[in-house]
Amino acid sequence: MAKRTIEPLLWTLFSAGGVIAALFIPIQLLLFGVVFPLGLAEAPSRERMLGLIGHPLTRLYLFVMCTMALLHAAHRFRFTLYDGLQIKHLNELINLFCYGGAIVLSIWTLVLLWHIP
Amino acid sequence: MADTISLQVIRYRPESETEPTTQEYTVPFRKEWVVLDALNYIKDQIDGTLSFRWSCRMGICGSCGMMVNGEPKLTCATFLADYAPNPVRVEPLTNFPIVRDLVIEMSDFMRKLPRVKPWIVRDQEKPLSEGEYRQTPEELDEYKQYSMCINCLLCYAACPVYGLDPHFMGPAAIALAQRYNLDTRDEGSKERMEELSQHEGIWGCTFVGECTAVCPKHVDPAGAIQRYKLSAAMDWFKSFLMPWGKK
């Protein structure tokens, strides 16, 4: 067996994150960025929105969407730093910054979602 | 329309120069001429010392790859008319050492290619009496696109990862490995995976995608690499879930 590398795991998260981000984020953007502000459909009331977000399944959905998108971004940004700035020798630092950042922001997402009444 | 066009050609003569230099030639402009025709005109009529590789003139042999105005191109399929009246700059493929003038040193690729075993690997050949290995048109379509590769190395010249890290296996070699992995007659995917699941194999790729953009045969090496990553990732998870499984 070849030398163990964690790259397959990171790539799978990147890949899954890309799919999830590409499929679901446009729905939120369309609804809350275009359809409701332009009055193309009636926006739900604050109470209904809070009720919706309060549901555990909605929170899980939002958490997975944010976390996976963050992990996708971390991986992409890591390679952009490698190729764009040509600083691959700072590998450890870049990994810590990119994946660490994604983990910190994911925890923040969790905290935010947790505190919704 | 002007009846001449100027070619700025990189010259490098290692016996007398330490650095490549640019030489300008003026050649007749004909709308049916490709860059290779202009180079051959220079070689025959103006300067017999100019060195470059070419053979078939029809996009099959893959030997006339050069940088044309900074882009990797097969010079036999790149028309002067697309650049006229501006001068055309012809350089050797980037990311490779130069042997002389427009001729690059490709040993690195030639060493890497056999490492991915780009041929049909069988555990056991079936006896001749059992007949041929049959394949449906659908099974052929699976790998046919990847089999169009002519080893012209334009993808290596376009790949920034290969430029930064020469250990990277590179687009064409991975696409050719995939060509045999997807062939129903082949049984060598495990051996190829050993080689390609390393960091210098598929994981070096940072999804720039230029390899596919420049490929003159529409092979899509970037797609091959991403597909390979998926199967490698599946293998990786399997080896975690079933560590007792076959290594």
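**Exercise 1. Determine the order of elements in chain A, and decide whether the chain is spread out or a compact globule.**

Solution. Reading from the N terminus, the elements of chain A follow the order α-α-α-α, and the count is 4 helices and 0 strands, where helices (H or I, at least four residues) and strands (E, at least two) are DSSP runs numbered from the N terminus. The model is a predicted one, in which local features need pLDDT of at least 70 and side-chain atom pairs count only at pLDDT 80 or more, while totals for chains, interfaces and linings use all residues. Residues are numbered from 1 along each chain as its sequence is written, and chains are lettered from A and ligands numbered from 1 in the order in which they are written.

The next step is to compare the radius of gyration, taken over C-alpha atoms, with the globule rule, which is 2.2 Å times the number of residues to the power 0.38. For the 117 residues of chain A the rule gives 13 Å, whereas the radius of gyration is 18 Å, well over that value, so chain A is more spread out than a compact globule. Along the principal axes, the C-alpha trace of chain A spans about 55 × 30 × 25 Å.

Finally, consider burial and contacts. A residue is buried if 20 or more other C-beta atoms lie within 10 Å of its own, exposed if 12 or fewer, and partly exposed in between, with C-beta atoms placed from the backbone; buried residues make up 16% of chain A. Two residues are in contact if their C-beta atoms, placed from the backbone, lie within 7 Å, and of the contacts in chain A with a separation of 6 or more, 80% are between residues 24 or more positions apart.

**Exercise 2. Check the span of H3(A), and find what its buried residues pack against.**

Solution. The expected span of a helix is 1.5 Å times one less than its number of residues. For the 29 residues of H3(A) this should be 42 Å, and the end C-alpha atoms are 41 Å apart, which agrees. The buried residues of H3(A) include Cys66(A), Leu70(A), His75(A), Arg78(A) and Tyr82(A), and the buried residues of this helix pack against H1 and helix H4 (91-114) of chain A. After H3(A) comes Gln86(A), whose phi is positive, near 55 degrees.

**Exercise 3. Describe the contact between chain A and chain B from the side of chain A.**

Solution. The contact takes 13 residues from chain A and 15 residues from chain B. On the side of chain A, helix H1 (7-35) and helix H3 (56-84) each supply at least two residues, and H1(A) gives the most, with 4 residues. Ala, Val, Leu, Ile, Met, Phe, Trp, Tyr, Cys and Pro count as nonpolar, Asp, Glu, Lys and Arg as charged, and the others, Gly among them, as polar; by these classes the side of chain A that touches chain B has 6 nonpolar, 3 polar and 4 charged residues.

**Exercise 4. Describe the domains of chain B and the contact between them.**

Solution. Chain B has 9 helices and 7 strands, and buried residues make up 35% of its 247 residues. The domain assignment, whose bounds come from an automatic or database source, gives domain 1 (4-104) and domain 2 (107-241) of chain B. Their centres, taken over C-alpha atoms, are separated by 30 Å, and the contact takes 13 residues from domain 1 and 12 residues from domain 2. On the side of domain 1 that touches domain 2, strand E3 (65-68) and strand E4 (71-74) of chain B each supply at least two residues, with E4(B) giving the most, 3 residues.
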